Amino acid sequence: MLMTKLKSEEVIGSLASGKVFIINCHGCKEVGFPEKEAAALQKKLQEEGKVVGVLTTDYVCNPDELALRLRGPMAKIAEADAVLVFSCGVGVQTISEVLEDKPVYACCDTIELPGFQGVTPLEVDCGQCGECYLNLTGGICPITACSKSLVNGPCGGTKNGKCEVCPDMECGWERIIQRLKAQGRLDVLKCATQIHDFNTDEATKAAKESE
């Protein structure tokens, strides 16, 4: 199964700097989702006048179903500066594919647990790394879209937009760059991505911090 936790209120607040449309996924019954905390945060954003609309549905990881469900609120989505998504990383990536001209932001981090993981057709994957990078990469996961799981840009070995490891595979970072370019957001690549440190040993952490 999956577990998702909310990003900090400060981070989500920074993502909602303009008008936003909110999408909630309540599909996978075995996905742990902080519904009460998310509802309280969304209520606060609504009271601040930032929310133009909300869609609560299930299985946003299914692209065909998602495209149908987005038809109704598409006019409201067009009014928004960004779309905030409360789901696992697969849902965020699927929505980003459908709304590729609109900034789509993950409001949750996905944590790995063993077992069943939804009914997605698995056209995209989530590395469940515990700290979602999708907000810096145009909704395309560098962990799963890149054969080398590079988080800070392409390796330089691509040829004609294809991966040097898997020649039949599109370079994940080429896709990221092109999507950010289309959204006018290439500047976010100046923010270096740091892998989340899950080390719990205090002595080791203290030694790293002193370097």
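**Close-up views of a predicted model**

View 1. A cavity is a set of points on a 1 Å grid over the protein atoms alone where a 1.4 Å probe fits but cannot get out. Its volume is the space filled by probe spheres set on the points, with points joined across faces, edges and corners. Lining residues have an atom within 4 Å of a point. Here 15 residues form the lining, and Cys126, Cys129, Cys132, Tyr133 and Cys141 are the closest to the centre. Helix 5 and helix 6 (142-145) each supply at least two lining residues.

The model is predicted: local features need pLDDT of at least 70, side-chain atom pairs count only at pLDDT 80 or more, and totals for chains, interfaces and linings use all residues. Residues are numbered from 1 along each chain as its sequence is written, and side-chain values use heavy atoms, without hydrogens and water.

**View 2. The largest cavity holds about 110 Å³ of space.** Of its 16 lining residues, Cys146, Cys155, Thr158, Cys163 and Cys171 are the closest to the centre.

**View 3. Four strands form an open sheet in the order 4-2-5-6, with parallel pairing.** Strands are DSSP runs of E, at least two residues; helices are runs of H or I, at least four; both are numbered from the N terminus. Two strands pair if DSSP finds at least two bridges between them. Strand 4 (51-57) and strand 6 (104-106) are the edges. Strand 2 (residues 20-25) and strand 5 (residues 82-86) share 5 bridges. One of them pairs Val20 with Ala82.

**View 4. Helix 2 (residues 35-47) packs on the sheet.** Helix 2 touches strand 2, strand 4 and strand 5. Contact means heavy atoms within 4.5 Å.

Conventions. Axes fitted to C-alpha atoms, helices over the stretch in contact; angles between N-to-C directions. 1 Å grid on protein atoms, 1.4 Å probe; cavity = no way out; pocket = protein on both sides within 12 Å on 5 of 7 lines; lining within 4 Å.
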